[in-house]
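Hello,

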Amino acid sequence: MTFDCKQLLIGGLIGVAVVTFVRTATFRKGCAKVVAAGLQLKDDASEFLESIKEDAEDVSAEAKQKKA
């Protein structure tokens with residue numbers, strides 16, 4: 001493995017470009033939208049699973065009543 005100044009310079013420039021991009025308001029707004037969408041998806045999935053659980057409990061209760 002040899003030391004190459006060109007690769008070091010290119011890596012440094014890419015690093016600076018990435019840090020500069022990450023600090024922009026556009027990037028932050030985009031991240032906020034992605035996180036908000038993920039939280040909404042989580043909430044929707046929780047509601048869906050809760051409704052399935054309630055339906056399963058209703059079916060179970062009806063089955064117990066029929067046996068009694």
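Here is what turned up, topic by topic.

Please keep in mind that this is a predicted model.

Let me start with helix α2, which covers residues 25-67 and includes Glu57. Glu57 belongs to a negatively charged surface patch, together with Glu50, Glu54, Asp55, Asp58 and Glu62. Its relative accessible area of 45% means that Glu57 counts as partly exposed.

Ser51 is another residue of helix α2. Ser51 is partly exposed, at 29% relative accessible area.

Next, the salt bridges. How many does a search of the whole structure find? The answer is one. In that salt bridge, the side chain of Lys42 meets that of Asp43, with 3.7 Å from N to O. Asp43 has a relative accessible area of 37%, so this residue is partly exposed.

Finally, the cysteines. A disulfide would need two cysteine sulfur atoms within 2.5 Å of each other, and by this rule the count is zero. Is Cys5 buried or exposed? Cys5 is exposed, because its relative accessible area is 54% and the cut-off for exposed is over 50%. Cys31 has a value of 35% and is therefore partly exposed.

Enjoy exploring the structure, and write back with any questions.

Best wishes

Definitions and conventions: Residues are numbered from 1 along each chain as its sequence is written. This is a predicted model: local features need pLDDT of at least 70, side-chain atom pairs count only at pLDDT 80 or more; totals for chains, interfaces and linings use all residues. Side-chain values use heavy atoms; hydrogens and water are left out. Patches are made of residues with over 30% relative accessible area and no salt bridge: like charges are joined within 9 Å, nonpolar side chains (Val, Leu, Ile, Met, Phe, Trp, Tyr) within 5 Å. Accessible areas come from the Shrake-Rupley method with a 1.4 Å probe; for residues, only the protein chains shown count as cover. A salt bridge is a side-chain nitrogen of Lys or Arg within 4 Å of a carboxyl oxygen of Asp or Glu. Lys and Arg count as positive and Asp and Glu as negative; His and the chain ends are not counted. The place of a charge is taken as NZ of Lys, CZ of Arg, CG of Asp or CD of Glu. Helices (H or I, at least four residues) and strands (E, at least two) are DSSP runs, numbered from the N terminus. Buried means under 20% relative accessible area, exposed over 50%, partly exposed in between (1.4 Å probe, protein chains only).
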